[in-house]
Amino acid sequence: MTAMTSTAPTARAVTLTATLLTAAVALYTALVAFGNITDFGTNQQFVRHVLAMDTTFKDDDLMWRAITSKPLQDAAYVAIIVWETVAALVLIAGTWLWTRRDLDRARRVSTYGLLMLMLLFGGGFIAIGGEWFAMWQSGDWNGLDAATRVFVFSGIVLLVQYLPLGRTAGNDD
């Protein structure tokens, strides 16, 4: 069996895996954005409470960080929804490119979408929400577990997309 015939199934499997996982993250992100748009008030309350820090330990050394202005809180929430929507569209485009087997563009576009999610959930929710606004202190408005799941899921999909396509030493295809 030559290297060419033994690597083709691996390349197809990795491509299929990347396609389906990218599609899964795209679907999840689209549903989250759609839910936030159609049920605006539910997560609006979440964002307001996290930013207001009204269910934290109320430590005077931290409370100066709180944002209590409802227009600023709502602007942050709208920015999150816009970011999620754009990320979903980018991931849908990445999925489409994977299905067309345009591997270089699929990886690049999907990477942008996955990084958008990792920045939102890792940088936005885990770092800023969790630490800066002390979300970890809240028993009622703590989204760290959910944010961590999305961050890890996106990271795993990102890693899968960069798996080698079955190329072996001495095989230049």
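Where is the place of Trp64 relative to helix H3 and helix H4? Trp64 sits in the loop between helix H3 (60-63) and helix H4 (70-99). Helices here are DSSP runs of H or I with at least four residues, numbered from the N terminus.

This is a predicted model, in which local features need pLDDT of at least 70, side-chain atom pairs count only at pLDDT 80 or more, and totals for chains, interfaces and linings use all residues. Residues are numbered from 1 along each chain as its sequence is written, and side-chain values use heavy atoms, with hydrogens and water left out.

**View 1. A nonpolar patch on the surface contains Trp64, Ile128 and Trp132.** Together the three residues have about 360 Å² of accessible area, computed by the Shrake-Rupley method with a 1.4 Å probe, where for residues only the protein chains shown count as cover. Patch residues have over 30% relative accessible area and no salt bridge; nonpolar side chains (Val, Leu, Ile, Met, Phe, Trp, Tyr) are joined within 5 Å, and like charges within 9 Å. Trp64 counts as exposed because its relative accessible area is 57%. The classes are buried (under 20%), exposed (over 50%) and partly exposed (in between), with a 1.4 Å probe and protein chains only.

**View 2. Asp74 and Arg48 form a salt bridge.** Their closest N and O atoms are 2.8 Å apart. The pair links distant parts of the chain, with Asp74 in helix H4 and Arg48 in helix H2 (residues 40-52), 26 residues apart. Both residues are buried. A salt bridge is a side-chain nitrogen of Lys or Arg within 4 Å of a carboxyl oxygen of Asp or Glu. Side chains of opposite charge can pair when their charged atoms come close.

**View 3. Pro71 lies in helix H4.** Pro71 has 61% relative accessibility and so counts as exposed. Between Pro71 and Arg48 the C-alpha to C-alpha distance is 9.8 Å, and the two are 23 residues apart in sequence.

**View 4. Asp102 and Arg105 form a salt bridge.** The closest N and O atoms of this pair are 3.3 Å apart. Asp102 is partly exposed because its relative accessible area is 25%. Arg105, at 40% relative accessibility, is therefore also partly exposed. The structure holds 2 salt bridges.

Technical notes. Helix = DSSP H or I, 4+ residues; strand = E, 2+ residues; numbered from the N terminus.
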